[in-house]
Amino acid sequence: MPLTLEQYAERLDDRTDLPWPAAPRIKPPKAKPHLEQLPVKAVLWTVYGTLVAVPQGELLFEHPQDFVTDAALDKVIKEFKMWNSMSRKPGQPAEYMRELYTRALTTLRLTCGGEAPSEKVWEDIVKKLQQKEYTFDVSTYGSLNEYAKKIAYFYHASIQGAGPYPGAAETVRRIGEGTRLQGLLADGQCFTPAQLQRCLRRQDPDFDVSRYFPPGLRVLSADKRAKKPADALFKAAIQALGERGIRPGEVLHVGSSLTRDIGPAKKHGMRTALFAGDKYSLSAGPDQLKDPAYRPDVLVTELPQVLEVLA
């Protein structure tokens, strides 16, 4: 039976022949928590910059430094044995792969409203390689779409290190032990739940993403073809919780950006918590914090403080 995406990510962690970029250093900003208890029945989390630390606080399709992107593309070519089916144009293999990658990414962004599903980029590339007799192990990787998801995870993990914020696994687990529902409302890709599980298992080896974040409550930008602060994402989350009898005012959205997380959540009637635990992911200006449209209900500087808000 083919590996699931979660199994594939876990298997990569066991390999010693693959160097991975380190998770970014977390630098707490100068901020004081503002806590009060809120009567909510569900918590919706932003992933990157709130539960998972990545450089720049969000997923990148290309690294700001070209040599990092090229190194990741070289790594993909070798790992998935693509070179024999690639064009023998002059130059390095990564140069040709970058042409394919950029072309596919640009096309998808034009057709998907600016948010490209990463696996579709790699699916397009693999299809082009298959015209030159490229094959892959279906018994290990699954169908073309499942294979492309695994390549997407491998590539993104190669350009950005990722790690859990302190207390992330404990906070999610303790909320999950009660009656409140939890979900994801985030800019993310097909592999985001698998990456979230991989990161939080560093704090809790038994962490199971499906236990705490059921598939029906994962609203991710790549699935909806829209990025925050688009209304489509927030309306989808409200609908999913509404089907479970939960109103917007009974939902707490936790995120690190006033414009992408807090403002639109307030607009749609949710309670809000600004996570100000990392200078590199926090996006909140002093003027915005004074604006009622962006002012969060609570401000947490450490994730376990969310438990106090729910007490």
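## Phe213 and its surroundings

In this predicted model, Phe213 touches Trp45, Leu51, Val172, Gln182, Gly183, Leu184, Leu196, Phe207 and Arg218, leaving aside residues up to four places away in sequence. Several of these contacts lead to other parts of the structure described below.

## The nonpolar cores

Phe213 is also one of the residues with the most contacts inside the largest nonpolar core, together with Trp45, Phe80, Met82 and Trp122. This core has 85 residues.

Another core lies apart from the largest one and has 15 residues, including Ala42, Leu233, Leu241 and Ile246. As background, nonpolar side chains in soluble globular proteins tend to be buried together.

## The parallel sheet

An open sheet is built from 6 strands in the order β5-β4-β1-β6-β7-β8, and the pairing is parallel. Its edge strands are β5 (218–220) and β8 (298–300), each of which pairs on one side only. On average, neighbouring strands of this sheet are turned by 20° against each other, with direction ignored.

Within the sheet, strand β1 (residues 42–45) pairs with strand β4 (residues 181–186) in the parallel sense, over 4 bridges. Trp45 stands opposite Leu184 in β4, and both residues are among those touched by Phe213. Helix α7 (residues 168–176) packs on the sheet and touches β1 and β4. The direction of α7 makes about 155° with that of β1.

## Two crossing helices

Helix α2 (residues 66–79) and helix α3 (residues 93–111) have axes that come within 9 Å and cross at roughly 95°. Because of this angle, α2 is roughly perpendicular to α3.

Which residues meet where α2 and α3 are in contact? From α2 come Asp66, Thr69, Asp70, Leu73, Asp74 and Ile77, and from α3 come Pro93, Ala94, Met97 and Arg98.

## An enclosed helix

Is helix α8 largely enclosed or exposed? In α8 (residues 192–200), 9 of the 9 residues are buried, so this helix is largely enclosed by the rest of the structure. The buried residues are Thr192, Pro193, Ala194, Gln195, Leu196, Gln197, Arg198, Cys199 and Leu200. One of them, Leu196, is touched by Phe213, the residue with which this report began.

Key:
Residues numbered from 1 in each chain as written. Predicted model: local features only at pLDDT ≥ 70, side-chain atom pairs only at ≥ 80, totals over all residues. Heavy atoms only, no water. Pairing = 2+ DSSP bridges. Axes fitted to C-alpha atoms, helices over the stretch in contact; angles between N-to-C directions. Contact = heavy atoms within 4.5 Å. Core = buried A, V, L, I, M, F, W, Y, C linked by side-chain atoms within 4.5 Å. Buried < 20%, exposed > 50% of the residue type's maximum accessible area, 1.4 Å probe, protein only. Parallel < 35°, antiparallel > 145°, perpendicular 65-115°, else oblique.
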